[in-house]
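Subject: Structure for you to look at

Dear colleague,

Below it you will find what turned up, arranged by topic.

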Amino acid sequence: MQKVSINSECGKASMSNGCCNVGACKLQKRASCPCVASKIAFTSLPNGLTMNNNNNSKELQCTSCHCSDETDKSVSRVSNKATSSEAVNDDNILCHKRAIESFASASVAEKRKMILDLCQQLVLTDEQNQELTRRILHEIKNGLAKETHKKADVKCFVTYVQDLPNGKERGKFLALDLGGTNFRVLLIHLKEEHDFQMESRIYAIPEHIMVGSGKQLFDHIAECLCNFVTEHQVKYECLPLGFTFSFPLKQLGLTKGLLVTWTKGFNCEGVVNEDVVQLLKDAIARRGDIKIDVCAILNDTTGTLMSCAWKNPSCKIGLIVGTGSNACYVEQVKECEMFDGDTHGKPHVVINTEWGAFGNNGSLNFVRTEFDEEIDRHSINPGQQIFEKMISGMYMGELVRLIMVKMVQAGVLFKGRSSDVLMTRGQFFTKYVSEIEADEPDTYSNCHMVLEELGLTEVTDDDCANVRYICECVSKRAAHLVSCGIATLINKMNEPHVTVGVDGSVYRFHPKFHRLMVEKIAQIVKPGLTFELMLSEDGSGRGAALVAAVASREDNVSHKK
């Protein structure tokens, strides 16, 4: 593809006679022309602009501008040392303005072609998908092996969950679900034949606690736990609790797990490399007014797997595509060299892949874009969770915004007119992507409403079509990346049929994510293997209670023996 590279700021280009050096001006035969805008790549150009390929460069030149008058003026200004910098600034502004006007006046088809060309880097080829599955499998094997585990990006932590629900679990159980800016406490009563009663409450975590001390965080959680059990009149019962902790966790047992790193905007001091179960127990003990038996720690993917397995015994993979992204799966114990302790003769164990960190070592660079790199640079954890940043809801909207901003600055969208909201990081929410893609074909009511919320009022249907295409490219790439990971797990397990339990806001609310995943996984899995995707019903909550229930069931069995 022949590409045109346009500098984002004229002042960054080399200057000659007060103009940007972007090729020879056809009219004046000078190595200068003020027609330059923001850095985009496309193959078709607006009327009045042509390609200069001298010396293998790929630059724009103007066929009709009158820069000679401005150039002559700038020459006389630049000769005056006192005003030379002002002259350059004036010409830079004029240069950028004329470029935007050129692109803004391009035809609908030309603008569409520019959008298509820019977004092409987001489209994964079949060859890239196959290479992704190969690299993901390589990283999973590194995580499972003792020799390579320490350096592996995909850690494949052993969860020590070796038993899935059998549908016969009974009793009352608590669940604590911590994995975002809010957390939930649940009371679940498991009854006959998959019947259950559940009560829950959501508690907010103030921002100052999210970045404060670990003691503050767990004291806040313990206080909310106390309020909950008091409100539901179980304060004086010692109930088993399953703790869903949806952050990278190195488990040393069913009730012991060390935080590897904070994600999702958290950065509480004194928690990394500490046992979060013990931190919770200590906070509860400091209160001294409630009795809770924390009998299992898990992440939301394991909870999703457990919740779906309670209803469907073929569920062997748990997947989250929400604020973050992760997957777990049932692996043979003999493959898990990091399993430390007695396997009790059981052949399988659930593995928490923590695949959000895939690519930290550069193995995703062959499909990353400039927008992914910008997302990473401005994140709270640069260089970490690279795979997650290309997939999850925390970043999807921002990816779309960055592409839109580039097209606005080039004059391709909205006639080059932006808004303060659009130019603000984090203000294009991922829910907007789902809403825009939910519009029926050739209708743009949702898109118009979203753009109006962003302060963009003079918007055409053609603008909306281009914005929707950007959204589709970003979300489709996310779905295909996830699909490569799931297909890799299905192929590795090599079972005739596997159900994948899925939860998370992106999967749940995006109108096309499920279909995109089914289609892509079907293309990648080995012949003869079948699968289905099953939407989890409150996996991180009910799943945590089920882990506690299974743990209690196994304890009772061992005591009887």
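Two strands are said to pair if DSSP finds at least two bridges between them. Please keep in mind throughout that this is a predicted model. With that wording in hand, you can turn to strand β6, residues 171-178, which is joined to strand β7, residues 182-190, by eight bridges, the two strands running antiparallel. One of the residue pairs you can look up is Gly 171, whose bridge partner in β7 is Leu 190.

These two strands belong to an open sheet of five, which has the order β8-β7-β6-β9-β12 and mixed pairing. The edges of this sheet are taken by β8 (196-204) and β12 (292-298), and because each has a single partner strand, one side of each is left without a neighbour in the sheet. From one strand to the next, the twist averages 20°.

Helix α8, residues 276-287, touches β6, β9 (239-245) and β12, and its direction makes about 160° with that of β12. Helix α9, residues 300-311, touches β7, β8, β9 and β12, and its direction makes about 100° with that of β12.

There is also an open sheet of six strands, again with mixed pairing, in the order β5-β15-β14-β13-β16-β17. Its edge strands are β5 (157-158) and β17 (530-535), each of which pairs on one side only. Strand β5 runs antiparallel to strand β15, residues 348-352, and two bridges join them; here Val 158 has Ile 351 as its bridge partner in β15. Helix α9 lies across β13 (315-321), β14 (325-332), β15, β16 (497-503) and β17, running at about 135° to β13.

What volume does the largest pocket have? The value is about 840 Å³, and of the 37 residues that line this pocket, the closest to its centre are Gly 179, Gly 180, Lys 264, Asp 300 and Thr 323. The elements that give two or more residues to the lining are β7, α6 (207-210), β14 and α16 (505-509). By type, the lining residues divide into nine nonpolar, 18 polar and 10 charged.

Last come the charged pairs. Side chains of opposite charge can pair when their charged atoms come close. The structure holds 24 salt bridges, among them one between the side chains of Glu 398 and Arg 425, at 3.7 Å from N to O. Since Glu 398 lies in helix α12 (residues 393-409) and Arg 425 in the loop between α12 and α13 (430-437), the pair ties together parts that are 27 residues apart in sequence.

With best wishes

Notes:
Residues numbered from 1 in each chain as written. Predicted model: local features only at pLDDT ≥ 70, side-chain atom pairs only at ≥ 80, totals over all residues. Heavy atoms only, no water. Helix = DSSP H or I, 4+ residues; strand = E, 2+ residues; numbered from the N terminus. Axes fitted to C-alpha atoms, helices over the stretch in contact; angles between N-to-C directions. Contact = heavy atoms within 4.5 Å. 1 Å grid on protein atoms, 1.4 Å probe; cavity = no way out; pocket = protein on both sides within 12 Å on 5 of 7 lines; lining within 4 Å. Points joined across faces, edges and corners; volume = space filled by probe spheres on them. Nonpolar A, V, L, I, M, F, W, Y, C, P; charged D, E, K, R; others polar. Salt bridge = Lys/Arg side-chain N within 4 Å of Asp/Glu carboxyl O.
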